[in-house]
Amino acid sequence: MAGRNHPRDTDRDIRGDIRTEIREFLSTRRARITPEQAGLPVYGGDRRRVPGLRRDEVALLAAISSEYYTRLERGNATGVSDSIIDAISQALQLDEAERTHLLDLLRTAGTTRPPRRRPARQRVRPTVQRVLDSMNGTPAFVLNRRLDILTANALGHALFSPIYADPVRPPNNARFVFLDPHATEFFRDWDKIANDVVALLRAEAGRDPYDRQLSDLIGELSTRSTEFRRRWGAHHVRIHATGVKRLHHPVVGDLDLPFESFPLAADPGQSLLTYTAEPGSPTQDALNLLASWAATTDNFEQPAPTRTAQRQADKAGE
């Protein structure tokens with residue numbers, strides 16, 4: 001799943017890959033939970049060979065046979081009931097995103113033939129674009145599940161000008177985070193952002209393993225970025241709909257921007273992403289300054305000088 005696809009990959013049976021994904025996902029979930037955390041007794045003479053829980057301990061917690069759980073962890077997902085999935089999810093203390101990911105993997109592994117491929121819509125509808133353009137003072141974007149930026153309003157272009165500097169289209173958040181040296185400066189909490197990006201892509205890879213463009217993106221990042229490969233191997237997944245982004249913009253400096261992501265029901269796979277600032281905050285002042293800059297430039301891919309540099313230039317010209 002992490003490598004590039006072969007010709008006609010959209011038609012090939014990838015259930016073998018999915019079985020590997022199930023095994024690695026469940027084993028990494030077991031490894032993070034100690035017997036004490038699971039409420040199991042630990043005996044002084046028990047010399048454990050594995051970190052976290054053993055398969056038989058997960059089976060005990062889920063009230064199923066050890067043989068059955070072992071078959072499941074090896075990817076034999078035929079006929080798994082909802083009650084069994086619930087029991088395993090509770091035993092492994094899975095959150096909502098992790099349980100959904102497990103369900104996605106089991107569904108694919110239990111499918112007898114690949115689904116018919118109907119490419120996700122990439123065109124942004126004109127009404128959606130008009131909504132974005134009407135949001136004065138609010139950076140807004142439309143993203144797909146691969147984290148491509150399909151469109152943005154003017155302030156959104158200005159806010160993400162470092163990402164738009166990459167000539168590859170559409171601009172992609174994951175490619176910027178892991179392949180652009182400016183990303184560690186742009187994202188003030190880059191490590192958290194990197195973890196979130198990988199967790200989002202991992203969840204999407206489980207949801208739609210036949211997405212060739214996603215597979216190509218994961219293959220590119222795995223080949224070119226050690227940081228991506230290390231995080232990808234952790235098998236973390238996440239649902240990422242709200243939070244705060246801490247940015248350092250090359251024009252206006254530091255911003256703390258709460259964001260919300262809204263799925264576009266009429267366009268499966270697309271989401272509207274908006275950033276706002278607390279009224280009267282330094283971030284609001286910075287956004288106002290950025291909006292003024294955006295209104296006076298047509299080239300968002302070449303950031304203007306920072307405020308400090310601009311003040312120095314103005315003073316020199318007096």
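Colleague: What makes β3 and β4 paired strands?

Modeller: This is a predicted model, and in it eight bridges join β3 to β4 (residues 253-263). Pairing needs at least two bridges, so β3 and β4 count as paired, and they run antiparallel. Within this pair, H249 stands opposite G253 in β4.

Colleague: Why is β3 called an edge strand?

Modeller: The open sheet has five strands in the order β2-β1-β5-β4-β3, with antiparallel pairing. Both β2 (149-152) and β3 (242-249) have a single partner strand, so one side of each has no neighbour in the sheet. From one strand to the next, the twist averages 30 degrees.

Colleague: Which helix packs on the sheet, touching β3 and β4?

Modeller: That is α15 (residues 282-295), whose direction makes about 85 degrees with that of β4.

Colleague: Why are α6 and α12 called roughly parallel?

Modeller: Helix α6 (residues 96-109) packs against α12 at an angle of about 30 degrees. Angles under 35 degrees count as roughly parallel, so the term applies to α6 and α12. Their axes are 8 Å apart, and the crossing is left-handed. Residues of α6 in this contact include H101 and D104, while those of α12 include R202 and G206.

Colleague: How do you know that the span of α12 agrees with its number of residues?

Modeller: Helix α12 (residues 190-207) has 18 residues, which at 1.5 Å a residue should span 26 Å; the end C-alpha atoms are 26 Å apart, so the two agree. Among the buried residues of α12 are W190, I193, V197 and L201.

Conventions. Residues numbered from 1 in each chain as written. Predicted model: local features only at pLDDT ≥ 70, side-chain atom pairs only at ≥ 80, totals over all residues. Heavy atoms only, no water. Helix = DSSP H or I, 4+ residues; strand = E, 2+ residues; numbered from the N terminus. Axes fitted to C-alpha atoms, helices over the stretch in contact; angles between N-to-C directions. Contact = heavy atoms within 4.5 Å. Expected span 1.5 Å × (residues − 1). Buried < 20%, exposed > 50% of the residue type's maximum accessible area, 1.4 Å probe, protein only. Parallel < 35°, antiparallel > 145°, perpendicular 65-115°, else oblique. Left-handed = near helix turned anticlockwise from the far one by under 90°.
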